[in-house]
Each structure stands twice: as C-alpha cells, then as structure tokens.
Amino acid sequence: MTTVLVTGGTGALGRHVVDRLRVRGHEVRVLSRHAGAGTHVGELRSGAGLLEAAEGASVIVHLASDFRARGRPDPMQTRQVLAAAGQGAHVIYLSIVGVDRIPLTYYRRKLECEKLIDGSVVPHTVLRATQFHDLIAWGLRSVERWPIAPLPLDFRFQPVAVEDVATRIADLVAGPPLGRADDFGGPQVLTLAELARIWREARGGPRRTVRLRVPGAVARGFRAGENTCPDHADGTHTWAEYVAANPEPVYRLRG
Ligand SMILES: NC(=O)c1ccc[n+]([C@@H]2O[C@H](COP(=O)([O-])OP(=O)(O)OC[C@H]3O[C@@H](n4cnc5c(N)ncnc54)[C@H](OP(=O)(O)O)[C@@H]3O)[C@@H](O)[C@H]2O)c1
C-alpha cells in the first residue's frame, strides 16, 4: 500500500483517480480548497496546508489546474508541489498532448510546469493526455440549442474518457518514475464536424453547423491534429459511447 496525495482530486478527472487508487488499496489523500470536499484542506497558490497533506506521502499525483484563469497560477502551484515533494516523493503530473506544438496560453503554462518538473531534482513522471470527452461535451452543449452553430469543424480531436486516463495514472502510481511517459489518447481521431454529428444524432442539436474559419497558429495546430497522438490510441471508450450514455455536465458554463 502506498500513501498518495492527489491535488485536483475533486475535479472531473481527479475523482476517478481517487476511486481507482482506493480500490487498489492505497491510502489516498485529497487536497481541496473546500472543507469536506477532500481529506485535506489546502490552497496551492499560497501553499497553505500542502506540507501537512504531503507529509509521508510517497507519491503526489498533481492534477490541480486553473483552466478558467488560463493556467496563470499553475507554474507557481507546481513549484509549491515540488517543494512539498522534496526529493522523497514521486510526482506524477498530467499535461496535454501538443502543449509544445500549439501556442495556446493555457498550453504554454502547462509546458512551463513540465519544464519546472523536468528541471527539478524530484523523481517524476509527466503524462500527456488528449482532450477529455467532458471538455468536448462542454463546448457542444453550449451551442446545442442554437439553430446555426458556427464551429471550427476542421479541428481534430482524439477525445479520451477520464476513466481511461485515471486507470493509466493508477498504473503509473504503482511504477517507478519515468520522466516522460508515453502519451495517452482516446481510441479515435475525429474532426469536430464528426464529433458534432454524433452529438446531434443523439441529442438533436445543434440543428445546423457552419464552418468557422479561425486564423492563426493555434487554429493551425488544432487543424493539423497537433493535439492528437494516433500512435497511442490507448483509451477504450469511444465518443459515441460517451454521448449515448447522456452524461451529466461535468464542466459548467460561466454566468
Ligand atoms: N480537460 C481536458 O480535456 C484535459 C486534457 C488533458 C489534461 N488535462 C489536465 O488534467 C488535469 C485535471 O483536469 P480537470 O478537468 O479534471 O480539472 P477540473 O475539473 O477543472 O478541476 C480542477 C481541480 O484543481 C483544483 N484546484 C484548482 N485550483 C486550486 C488551488 N489553488 N489549490 C488547490 N486546488 C486547486 C480543484 O480543487 P478544489 O476546487 O476542490 O479546490 C479541482 O479539483 C489538469 O491538470 C488539466 O490540465 C485536462
């Protein structure tokens, strides 16, 4: 049995990671800013509560991220995690396929976190995953009642189930630090046009889509599928299966 601290263990992915690790018999600590949501209250921006939560943990799975702030606090939070790990704990960090190829602000900050980890003395494993099903659903749900939805239909994605990523992370917890692990993607690479068609067939909307032409390097990256890893299509759950299961929204729209 290993003592594992999970930052972001209350999130869309993190709750599955926590479940997997508990089922496998590990002692799991969950850091959260909210009392009662995890096992330990902590705030990664200031580092408050982190040392206590990490005390005696041999693995720290670092999933916490502030997507809404476009990852601005993430490098500082990663520094706090590295300091708490000392040289004793194995830090497992979840990043995103293509962070080094697509110059999205959030991706740049994830890449900065990777570099901080890589340049540290802390034993570590960095795993890059593709977009979660829930993220694609969040985007399509936001336009599904529109009569005509302008979307970048030629963007490519390889959506993956959080359950599959959680299993991969649980496997990494049981193994040695790898530095960079093999990327992890869903079973199929699909265009947004294909993803939206499957969504519409199951849910009735958006009734019509039109191709939104997005200029710039970020859009070029998504069009070219720089965010995919077809050689590692290791996830088992397809987008169609996810949509058919009619999932509750995991990410909420703002406002
Ligand atoms: N979404 C995707 O498609 C995707 C794809 C590949 C990789 N990833 C990566 O996967 C990881 C998990 O993503 P997710 O979508 O599951 O996250 P999420 O649902 O947005 O949850 C964010 C988590 O971070 C924690 N957190 C945020 N700020 C914090 C702070 N200042 N102090 C302590 N905890 C803080 C939150 O905990 P509390 O609110 O309980 O405090 C929450 O558990 C992220 O690193 C993300 O970059 C995501």
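**Entry 1: helices and strands**

I looked up the secondary structure and found 9 helices and 11 strands in the protein. Helices here are DSSP runs of H or I with at least four residues, strands are runs of E with at least two, and both are numbered from the N terminus. I note for myself that this is a predicted model, where local features need pLDDT of at least 70, side-chain atom pairs count only at pLDDT 80 or more, and totals for chains, interfaces and linings use all residues. Residues are numbered from 1 along each chain as its sequence is written, and side-chain values use heavy atoms, leaving out hydrogens and water.

**Entry 2: overall size**

How does the radius of gyration fit a compact globule? With 255 residues, such a globule would have a value near 18 Å, and the protein has 18 Å, which agrees. The radius is taken over C-alpha atoms, and the globule rule is 2.2 Å times the number of residues to the power 0.38. I also checked the box that the C-alpha atoms fill, which is roughly 55 × 35 × 35 Å along the principal axes.

**Entry 3: inside and surface**

I find that 50% of the 255 residues count as buried. Buried means under 20% relative accessible area, exposed means over 50%, and partly exposed is in between, using a 1.4 Å probe and protein chains only. The protein exposes about 12,000 Å², and carbon and sulfur atoms supply 51% of that area. These areas come from the Shrake-Rupley method with a 1.4 Å probe; for residues, only the protein chains shown count as cover.

For contacts (heavy atoms within 4.5 Å), I looked at pairs with a separation of 6 or more, and residues 24 or more positions apart account for 78% of them.

**Entry 4: the annotated stretch**

The UniProt record, an unreviewed entry, has the annotation "domain: NAD-dependent epimerase/dehydratase" for residues 4–65. UniProt positions are given in the numbering used here, feature names are shortened, and annotations may be inferred rather than shown by experiment. Over residues 4–65 I read 24% helix and 26% strand, with the end C-alpha atoms 18 Å apart.

**Entry 5: the loop with Ala 69 and Arg 70**

Ala 69 sits in the loop between strand 4 (59–62) and helix 3 (74–85), and Arg 70 is in the loop between strand 4 and helix 3 too. Are they buried or exposed? Ala 69 counts as buried because its relative accessibility is 18%, whereas Arg 70, at 51%, counts as exposed. Arg 70 also has a positive phi of about 55 degrees, although it is not a glycine. From Ala 69 I went to Tyr 106, which is 37 residues along the chain, and their C-alpha atoms are separated by 8.5 Å.

**Entry 6: Val 243 and what follows helix 9**

Val 243 is in helix 9 (residues 239–244) and is buried at 2% relative accessibility. Which residues does Val 243 touch, not counting those up to four places away in sequence? I found Ile 198, Trp 199 and Ala 202. In the segment after helix 9 I came to Asn 246, which has a positive phi of about 50 degrees although it is not a glycine.

Gly 205 and Pro 206 are joined by a cis peptide bond, with omega about -5 degrees. Pro 206 belongs to the loop between helix 7 (192–203) and strand 11 (208–211). My last stop was Gly 47, in the loop between strand 3 (40–41) and helix 2 (50–54); Gly 47 is buried, with a relative accessible area of 19%.
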